[in-house]
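User: I'm new to reading protein structures. Could you walk me through one, feature by feature?

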Amino acid sequence: MSNIQFEEKSYNTDSLDLNLWKRILALLGNSKSHLIKLGLFMIMTAAIDVARPYLDKIAIDYFAVGNIKTNEVVLYAVVYIVVIVLNGVLVSGFTRQSAYIESGFLYDIRDRLFEKVQKLSYSYFDKTPTGWIMSRLSSDVGRLAEIFAWSLTDLVWGVAVMIASSVIMLKTNWRLALIVLAIVPILAIVSMWFQIRILRNYRSVRAINSKITNAFNEGITGAKTTKTLVLEDENLKEFKQLTAEYRHKSNQAAYFSSAFMPIVIGLSAISLAFILWYGGNQVLLEKMQFGTLLMFTEYASQFFEPLKSIAGIIAELQMAQASAERVLSLLEEEVEITDTAEVIKKYGTVFDPIKENYPRLKGDVEFEHVDFSYIKDEPILSDFNLKVKAGQSIALVGETGSGKSTIINLICRFYQPTSGRILIDGIDYKQRSLGWLHSNIGYVLQTPTLFTGTIRDNIRYGKFEATDEEIKKAAEMVGADSFINKLENGYDSEVGEQGSKLSTGEKQLISFARAIVANPALFILDEATSSVDTETEKKIQKAIDVILRERTSFIVAHRLSTIVNADKILVIDKGRIVESGKHDELMNKKGYYYRLYINQFNKDLQNKLLGDMEL
């Protein structure tokens, strides 16, 4: 499975993809009402901003020539004050709506993404870097929230100001208006050229950022391994290489972004100069009033101000489009293993199960002509057949890569056969729900995973409705109560992040208790004793003898001494069963299993003798 390569879905667009943004907009959920309110606030704010230059024109062209009437001045002052107050109210309103949108978007999208992550098949996590997923849930979603909350605010305001200003300017003096509007097509061409280059660079920046996040994650979770193997220097070199690449791409993106705005400012300055030249002549020739010229200069500045903002927003959208692509790629990731509509109708989903329809699982398991491959044309299992009766304990042994874990993954339906069938109690397990199957499986991994919380909480994860008595009974069955009762807070003791406050053996005992508290019909032990000390192994072995009684179990074992009592031992080689039988039967054959057992026995004996000599 290590040769499975992760490929990120890409939309491969070098321009602003409006369809993509429409699909992101559709994800706003409860924030849509706030977005509508925000749009109304911004349109009204734009109307106020456009009204002020016109009020200035009236003051200069009417009052400055001596047409002063007290009642008109008072009315003008009242209108101006109302405009200022109304502007303040509107600014407060759209700021509040923007804050609602940002927090609401973050909540809705992260909730959707986390739900999607819970639904995705095991195969997805097998091939997808953790850093990639973390980056989607954190930085990419945060960037999109800022775009919708604040950048789109400026976009709506800018478009409204430009439209209103254009209408008034065209109505007042169309020649001067055309001088202002002539800059728009030139700016559109310049924007398109920059958009393509900005997007390409920021897409690369986001991809490298995911790799950096993943490197952080591996550096933290693998700290102990790094130190024991003295890999600090190598890790630092690799990380520096990533950050150097990130800096290079970021600098390129910043270069195009920084060059874009001066061009926009320069074009607007040229247009304003033409207005002053042409309009000034019109004033001197008394063909235009001075207040009208002043209004045009204000409108030109006001027109180009949102134009500069829009240009900047387009650049931001280009940068954020890479984030939008990546968020959508996760949301739209296909769930490889799903139940059929008929199964869902009868048994529900993992999130909404109909448990009263769940049939009792007895434990018969059968592989019927199963073929399977992780990668096309690279088969792992070919015409694999196996029949296990309820209550039997089956041990799987063999070299690394022989197919043991694949068999376990297929039983758990983490993967499904490429062809053939797997039957549970005589029925193809695709005709039952994933929730039904997984609720009947107790799974103990080689490396136990505990969650932040108490020991009681971690055992209860196996069965949320478990009583305190059931939790204690499960702990007693696996021998975990002996160390739990010695802790100051007993079952209410915190385990720390990933169980950091407990030893490996203690964590493994907790994971055993968690698996057994649900009273599963199928039990999977995947190298469950390979990472614990001898004393803990004895406890676990004793617990196994009790736990597996009358349960169908599959044991993947590295230490062959732990499976001598199994009902059947299967020796797997290249996806085939090369030997099958009880321990004594296989030892008498003196074949593959015999050699494995004798080699391991001699190695253990040698290690024991060397240990005694050191003492």
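User: Let's start with strands. Which residue in strand 8 is the bridge partner of Leu 396?

Analyst: First the general idea: strands (E, at least two residues) and helices (H or I, at least four) are DSSP runs, numbered from the N terminus, and two strands pair if DSSP finds at least two bridges between them. Here, the partner of Leu 396 in strand 8 is Val 556. Strand 3 (residues 393-397) and strand 8 (residues 552-556) pair in the parallel sense, over four bridges. Keep in mind that this is a predicted model: local features need pLDDT of at least 70 and side-chain atom pairs count only at pLDDT 80 or more, while totals for chains, interfaces and linings use all residues. Residues are numbered from 1 along each chain as its sequence is written, and side-chain values use heavy atoms, with hydrogens and water left out.

User: What order do the strands take in the sheet?

Analyst: The order is 6-7-8-3-9-10, in an open sheet of six strands with mixed pairing. At the edges sit strand 6 (441-444) and strand 10 (576-581), each pairing on one side only. Neighbouring strands are turned by 15° against each other on average, ignoring direction. For such angles, axes are lines fitted to C-alpha atoms (for helices, over the stretch in contact), and the angle between N-to-C directions runs from 0 to 180 degrees.

User: Which helix packs on this sheet?

Analyst: Look for contact, meaning heavy atoms within 4.5 Å. Helix 17 (residues 504-516) packs there, touching strand 6 and strand 7 (522-526), and its direction makes about 175° with that of strand 6.

User: How many bridges join strand 9 to strand 10?

Analyst: Five bridges join strand 9 (residues 568-573) to strand 10, and the two run antiparallel. One of the pairs to look up is Leu 570 with its partner Ser 580 in strand 10. The hairpin has two residues between the strands, and Lys 574 takes a positive phi near 55°.

User: Which residues touch the most other members of the largest nonpolar core?

Analyst: A nonpolar core is a set of buried Ala, Val, Leu, Ile, Met, Phe, Trp, Tyr and Cys residues joined through side-chain atoms within 4.5 Å. The largest has 73 residues, and Trp 21, Ile 24, Phe 105, Leu 113, Leu 144 and Phe 148 touch the most other members. Helix 10 gives the most to this core, with 17 residues. Apart from it lies another core of 42 residues, among them Tyr 491 and Ile 563.

Notes:
Buried < 20%, exposed > 50% of the residue type's maximum accessible area, 1.4 Å probe, protein only.
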